[in-house]
Amino acid sequence: MTWVAFGLFVVLLVIVMTSQIVRLLGEAAVGTLASSAVWAVMGFAAVRYFPILFSLMLFISILSVLTRLWKDHEMVVWFAAGRSIRSFIPPVLQMGVPVVLLIAALSLFVSPWAQLKGREYRAASLKNEEVSQVSPGIFRESRGADRVYFIENFSGEGGQGENVFVQIRQDGKISTVLANRGGMYVDDMGDRWMWLKDATAYQALAGSPQYDILTFKEGRVRVENPEQAVINPGTESMRSKDLWRSDVPQHQAELAWRIALPIQAFLLMLAAIPLAFTNPRGGKGYHMVIAALLAFSYYNGINVMQAWLAVGKIPPAVGMWPLHGAVALLTMGLFWWRSRVRG
């Protein structure tokens, strides 16, 4: 099981890293991430996926090895020696408990640190790389095609430009802003803004000759319309002890999610033992489908309950414990069922 787990982890890591690099390169192409920061940000992002990858590694490796024992009729020898399916629990725990403890350390301490450093590195790279912000002398369009930006001159040292042009299309209106100076910055939520000074804004309905004119000394415009996340990036990078002391529902939801990852890994590790049962004569892989549905439903249930905790639908005292309890009862039921099959 250990050797299978090592090989499986490498495969899962390559798959996740491939999807991450494609996503980050797409962000770099539209200017939401500095091109020089792609690999560093990918490394920080990978750490947050480690607890999930280790959990999948445990579940799939135990399931695949024990399934092979059933198909090769080695379970007959196991049972003939007077052992039961519950006798697999000690060796599985011997391999799995250290990994579960590693998942707990990653989820509660290492992943929040990596998330924080990744956000800081992303913000610093955007601030220091002028091409990622707004290329001087080039019109840039947002991903939603509702905003257009232009800066005539840009100073990398001062982080600002001159003669800024911004056009925004929203609710059937066209707003055009002309500013003497402007620049880009990233707020604590990770959203990108353009600040403007000594500016004049012209707003009108599309095709209308009547304009509303507004002059202002300072202002800012959001570069993109971000999707609203249930748990914001600032919460994800908070230390676990700070989440524990907080009464904010979002903080309680994030803490419950971090605690749920090692519990999920432990329960799925045990559930893989009875789920590996297969009829050697049948040659069907129905048990693999059931195992995949259980793991998928459990993980998605954790995400759903996290969202409910964040919006206050579930009291923090209840948390995700009903879900963990249901999976624990299901695991014990599977052991009882497979023990009857042996008899």
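## Basis of the model

In this predicted model, local features need pLDDT of at least 70 and side-chain atom pairs count only at pLDDT 80 or more, while totals for chains, interfaces and linings use all residues. Residues are numbered from 1 along each chain as its sequence is written, and side-chain values use heavy atoms, with hydrogens and water left out.

## Annotated transmembrane regions

The unreviewed UniProt entry places the feature "transmembrane region" at residues 50-70, 91-114, 255-277, 289-311 and 317-337. UniProt positions follow the numbering used here, feature names are shortened, and annotations may be inferred rather than shown by experiment.

Two of these spans can be compared with the model's helices and strands, which are DSSP runs numbered from the N terminus (helices: H or I, at least four residues; strands: E, at least two). Residues 255-277 are 91% helix and 0% strand, with end C-alpha atoms 35 Å apart. For residues 289-311 the figures are 96% helix and 0% strand, and the end C-alpha atoms lie 33 Å apart.

Helix α9 covers residues 286-310, 25 residues in total. From first to last C-alpha it reaches 36 Å, close to the 36 Å expected at 1.5 Å a residue; the expected span is 1.5 Å times one less than the number of residues. Buried residues of α9 include His287, Leu294, Tyr298, Met305 and Gln306. Here buried means under 20% relative accessible area, exposed means over 50%, and partly exposed lies in between (1.4 Å probe, protein chains only). Just after α9, glycine 312 takes a positive phi of about 85°.

Leucine 66 is found in helix α2 and is buried, at 2% relative accessibility.

## Salt bridges

Side chains of opposite charge can pair when their charged atoms come close. A salt bridge is counted when a side-chain nitrogen of Lys or Arg is within 4 Å of a carboxyl oxygen of Asp or Glu. The whole structure has six salt bridges. One of them joins arginine 48 and glutamate 254, at 3.7 Å from N to O. Arginine 48 lies in helix α2 (residues 38-71) and glutamate 254 in helix α8 (residues 249-275), so the pair ties together parts that are 206 residues apart in sequence. Arginine 48 is buried at 15% relative accessible area, and glutamate 254 is buried at 0%.

Glutamate 254 also forms a salt bridge with arginine 258, the closest N and O atoms being 3.0 Å apart. Both residues lie in helix α8, four residues apart, about one turn of the helix. Arginine 258 is buried, with a relative accessible area of 0%. Salt bridges that share partners join Arg48, Glu236, Glu254 and Arg258 into one network. Elsewhere, aspartate 198 pairs with lysine 217, with closest N and O atoms 3.0 Å apart. This pair links strand β5 (residues 192-205) with strand β6 (residues 212-222), across 19 residues. Aspartate 198 is partly exposed at 29%, and lysine 217 is exposed at 60%.

## Cavities and pockets

Rolling a probe the size of a water molecule over the atoms shows where empty space is left. On a 1 Å grid over the protein atoms alone, a cavity is a set of points where a 1.4 Å probe fits but cannot get out; a pocket is an open set with protein on both sides within 12 Å along at least five of seven lines; lining residues have an atom within 4 Å of a point. Grid points are joined across faces, edges and corners, and a volume is the space filled by probe spheres set on the points.

There are two cavities of 30 Å³ or more in the whole structure. The second largest cavity has a volume of about 40 Å³, and its lining includes Arg48, Glu254 and Arg258. Helix α8 provides the largest share of this lining, four residues. The second largest pocket holds about 250 Å³ of space and is lined by 13 residues, with Ala256, Ile259, Pro316, Gly319 and Trp321 nearest its centre. Helix α8 gives the most to this pocket's lining, with five residues.
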